[in-house]
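Thank you all for coming; please have a look at the sequence and the model on the screen, and then I will walk you through a few of the contacts.

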Amino acid sequence: MNGSKVNLRAFESEDMKELHHWLNDADSIALVGRVPRTYEETVHHVEKKRKNGDLVLAIENEELELIGWTFLQNIEYEHGRASIGILIAPEYRGHGYAGMAMKKMIDIGFKQLRLNKIYLTTRGINERAIGLYQKTGFIIEGQLRNHAFSDGQYYDTYFMGILASEWKG
């Protein structure tokens, strides 16, 4: 799955330490709205995803440095849908890697897994992510008002999706 700037590969056990660091980054916590995780909780989180049949991949840059992870979860083949998620290491954000990795993962979902729809949820305060998702082709399908609580405040949650017929790849 090589590309011009990113490569997706299997997420390995030795990647866990970096993932733990990224998940506990202050911006990641604020934008996703959860509490910090211990290393053991991170390992359990990844193991649970694997047991559930989620497709979990590491993201590498052109120098083959680990810079993030992406996944398709809640894969329902009978309905042709799955949810996508991505997290880029703080020091690599804003360089276009997330968009490239998302496109590769969406390609896998539509072309290899033969899904009809890929969806996600995101906080209304995460304007950078919403912009990325819209640029990638996702459409806001719904808004859940004051749905998430983080840092003493309630925020809207957006439900976004893209269909295989809309994907330009």
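**Salt bridges and packing**

Let me begin with Glu141 and Lys117, whose side chains meet in a salt bridge, at 2.8 Å from N to O; by salt bridge I mean a side-chain nitrogen of Lys or Arg within 4 Å of a carboxyl oxygen of Asp or Glu. This pair links distant parts of the chain, since Glu141 sits in strand S6 (residues 139-150) and Lys117 in strand S5 (residues 117-123), 24 residues apart. Strands (E, at least two residues) and helices (H or I, at least four) are DSSP runs, numbered from the N terminus. Glu141 counts as partly exposed, because its relative accessibility is 41%, where buried means under 20% relative accessible area, exposed over 50%, and partly exposed in between, with a 1.4 Å probe and protein chains only.

Before I go on, a word of care: this is a predicted model, in which local features need pLDDT of at least 70 and side-chain atom pairs count only at pLDDT 80 or more, while totals for chains, interfaces and linings use all residues. Residues are numbered from 1 along each chain as its sequence is written, and side-chain values use heavy atoms, with hydrogens and water left out.

How many salt bridges does a search of the whole structure find? The search finds seven. One of them joins Arg93 and Asp25, at 3.0 Å from N to O, and this pair again links distant parts of the chain, with Arg93 in the loop between strand S4 (81-88) and helix H4 (97-112) and Asp25 in the loop between helix H1 (16-23) and helix H2 (26-32), 68 residues apart. Arg93 is partly exposed, with a relative accessible area of 22%, whereas Asp25 counts as buried at 18%. Glu76 forms a salt bridge with Arg81, and here the closest N and O atoms are 2.9 Å apart; Glu76 is partly exposed at 22% relative accessibility, and Arg81 is partly exposed at 30%. Arg9, Asp15 and Glu60, in turn, are linked in a network of salt bridges.

Now to the rings. The structure holds seven aromatic pairs, where rings of Phe, Tyr and Trp (its six-membered ring) pair if their centres lie within 6.5 Å, and planes under 30 degrees apart count as stacked, over 60 as edge-to-face and the rest as tilted. Phe11, Trp69 and Phe71 form one aromatic cluster. Lys49 lies over the face of Phe71, at 3.9 Å from the ring centre, and a charge sits over a ring if NZ of Lys or CZ of Arg is within 6 Å of the ring centre and within 35 degrees of the ring normal.

How do two of the helices pack, and at what angle? H1 and helix H3 (residues 39-51) pack at about 110 degrees, with their axes 9 Å apart, the axes being lines fitted to C-alpha atoms, for helices over the stretch in contact, and the angles running from 0 to 180 degrees between N-to-C directions. That makes H1 roughly perpendicular to H3, because angles of 65 to 115 degrees count as roughly perpendicular, under 35 as roughly parallel, over 145 as roughly antiparallel and the rest as oblique. In this packing, Met16, Lys17, Leu19, His20 and Leu23 of H1 meet Tyr39, Thr42, Val43 and Val46 of H3, contact meaning heavy atoms within 4.5 Å.
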